[in-house]
Amino acid sequence: MESVQTLDHPLIQHKLTLLRDRTTGTKEFRMLVEEVSMLMAYEITRLMPLREVEIETPITKTKGYLIAGKKMSLVPILRAGLGMVDGMLSILPAAKVGHIGLYRDPKTLKPVEYYSKMPQDLPEREVIVLDPMLATGGSVCQAIHMLKGWGAEQIKFVCLLAAPEGLERLHKEHPEIMVYTAAIDERLNEKSYIVPGLGDAGDRLFGTK
């Protein structure tokens, strides 16, 4: 699928293996999510446009390059997406952060919004949606639909793990969205958990069950 890029940098894959390990505790898990997110930020910004500028070093004048193009906005899907924010901000410190809170209705199994707040200049920004897990795809599809309604035009999605079922749904509903993931796993089980996966990312980040 051309709209999906698996980031196979050795450091990302090393840290992802530690994240999958059931013996990894909350503190280490949280730190690893932040580190992997930082490494992924390097990869997803590889094609950012540059503009040429002239500066003066302590020795002489020279030409250099600065980031050009749209400003950035990070939008984590609560709550697990929060774990990816600090790592991304370490590379993109000027990015503004919006938030989308969704939960799955136990009867309809559809995502329901319970909170959202966005930068006022969202339409002027390139938006990076963050959620560690792309399982069924329901939450991210709803989040992207909401972002489009608020005027966002350039949207990317970043996750640690993706299931084929979620990728298929996201591509069907939002075919133009570029997805960056550290791994595409085998499938979803009967409870819609990613297999082999890493368990519930939110619970492991925040020490809940």
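Trainee: If buried means under 20% relative accessible area, exposed over 50% and partly exposed in between, with a 1.4 Å probe and protein chains only, what share of the 209 residues in the chain is buried?

Mentor: Buried residues come to 46% of the 209. This is a predicted model, where local features need pLDDT of at least 70 and side-chain atom pairs count only at pLDDT 80 or more, while totals for chains, interfaces and linings use all residues. Residues are numbered from 1 along each chain as its sequence is written, and side-chain values use heavy atoms, with hydrogens and water left out.

Trainee: How many helices and strands are in the chain?

Mentor: The chain has six helices and 13 strands. These are DSSP runs numbered from the N terminus, with helices being H or I over at least four residues and strands being E over at least two. The chain is as compact as a globular protein of 209 residues, because its radius of gyration is 18 Å, close to the 17 Å from the globule rule. That radius is taken over C-alpha atoms, and the rule is 2.2 Å times the number of residues to the power 0.38.

Trainee: And what share of the contacts is between residues 24 or more positions apart?

Mentor: Such pairs account for 64% of the contacts with a separation of 6 or more. A contact is heavy atoms within 4.5 Å.

Trainee: Switching topic. Which residues does UniProt list for "binding site"?

Mentor: The unreviewed UniProt entry gives I194, G199, D200 and A201. The lining of the largest pocket takes in I194, G199, D200 and A201 from that set. UniProt positions follow the numbering used here, feature names are shortened, and annotations may be inferred rather than shown by experiment.

Trainee: What counts as a pocket?

Mentor: On a 1 Å grid over the protein atoms alone, a pocket is an open set of points where a 1.4 Å probe fits, with protein on both sides within 12 Å along at least five of seven lines. Lining residues have an atom within 4 Å of a point, and a cavity is a set the probe cannot get out of.

Trainee: Is I194 buried or exposed?

Mentor: I194 is buried, at 8% relative accessible area. I194 sits in strand β13, residues 194–195, and its contacts beyond four places in sequence include M133, L161 and D185. G199 is partly exposed at 37% and lies in the loop between β13 and α6 (201–206). Not counting residues up to four places away, G199 touches M133 and Y193.

Trainee: Where is the cis bond that involves P196?

Mentor: It runs from V195 to P196, with omega near 0°, and P196 is in the loop between β13 and α6. The bond from L78 to R79 is also cis, with omega near 5°.

Trainee: What does R79 touch?

Mentor: Beyond four places in sequence, R79 touches D200, G202, D203, F206 and T208. R79 is in the loop between β4 (71–78) and α3 (85–91), and its C-alpha is 9.5 Å from that of D203, 124 residues away along the chain.
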